[in-house]
Amino acid sequence: MLAFLLPSKTQEAVLDILNRLEEAISTKGFQKTFPVFMTDNGPEFTNPILLETGLKFFTRTRIFYCDPNASYQKGALEKNHEFIRYIVPKGHTFDNFTQDDITFMINHINSTARASLNGRTPFELASLLLDKCVFEVLGLQEIKANEVILKPYLLKK
């Protein structure tokens with residue numbers, strides 16, 4: 001799982017992130033790493049063709065929309081949302097966090113073993129499937145099992 005702080009909940013903010021990712025890992029790298037996005041019908045996703053089309057005007061990904069109130073359509077993503085809420089409880093703002101804070105939190109979440117992965121972590125699985133440059137560009141690092149923290153104090157400053 002990845003997470004990005006957006007300066008605003010707009011399509012332009014999402015497009016900027018996708019473009020920066022594509023620039024960092026190349027169009028082919030983007031296509032391989034992010035072949036599809038599953039999302040809701042939020043205002044930041046109103047023009048899928050704009051987001052699907054890469055910097056060189058190739059299709060870089062495909063966007064699919066989940067039905068309202070159908071969290072089961074996003075697979076294990078809802079468990080990740082639950083992990084985020086262990087660290088940043090509902091009602092607390094993300095305004096005081098930096099992108100480095102969010103990436104640090106995601107590293108802890110991705111280093112948490114899952115029964116659905118036969119006791120493996122999402123990081124272990126991603127390490128088998130993704131190019132190493134993706135980890136470097138995104139600042140993804142595995143956290144040792146005995147050092148994983150899924151509590152609010154993880155991001156206390």
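Is Arg62 buried, partly exposed or exposed? I looked it up, and Arg62 is partly exposed, with a relative accessible area of 43%. My cut-offs: buried means under 20% relative accessible area, exposed means over 50%, and partly exposed lies in between, with a 1.4 Å probe and protein chains only.

**Ground rules**

I'm working with a predicted model, where local features need pLDDT of at least 70, side-chain atom pairs count only at pLDDT 80 or more, and totals for chains, interfaces and linings use all residues. Residues are numbered from 1 along each chain as its sequence is written, and side-chain values use heavy atoms, with hydrogens and water left out.

**Overall layout**

I went through the elements and found seven helices and two strands. Starting at the N terminus, their order is α-α-β-α-β-α-α-α-α. The radius of gyration is 16 Å, close to the 15 Å that the globule rule gives for 157 residues, so the protein is as compact as a globular protein of that length. For the record, helices (H or I, at least four residues) and strands (E, at least two) are DSSP runs, numbered from the N terminus. The radius is taken over C-alpha atoms, and the globule rule is 2.2 Å times the number of residues to the power 0.38.

I also noted that the C-alpha trace spans about 45 × 35 × 30 Å along its principal axes. Of the 157 residues, 36% are buried. Contact means heavy atoms within 4.5 Å. I took the contacts between residues at least 6 apart in sequence, and 64% of them join residues at least 24 apart.

**Salt bridges**

Side chains of opposite charge can pair when their charged atoms come close. I found six salt bridges in the structure, each being a side-chain nitrogen of Lys or Arg within 4 Å of a carboxyl oxygen of Asp or Glu.

Glu52 is buried, at a relative accessible area of 11%, whereas Arg62 is partly exposed.

Next I checked Asp16 and Arg20, which form a salt bridge with their closest N and O atoms 3.1 Å apart. They are four residues apart in helix α1 (residues 11-25), so about one helical turn separates them. Asp16 is partly exposed at 39% relative accessibility, and Arg20 is partly exposed at 47%.

**Tyr65**

I returned to strand β2, where Tyr65 is found. Tyr65 is partly exposed, with a relative accessible area of 32%. Which residues does Tyr65 touch, not counting residues up to four places away in sequence? I listed Thr39, Asp40, Asn41, Phe45, Thr46 and Pro48. I also looked up Ala3, 62 residues from Tyr65 along the chain, and their C-alpha atoms are separated by 18 Å.
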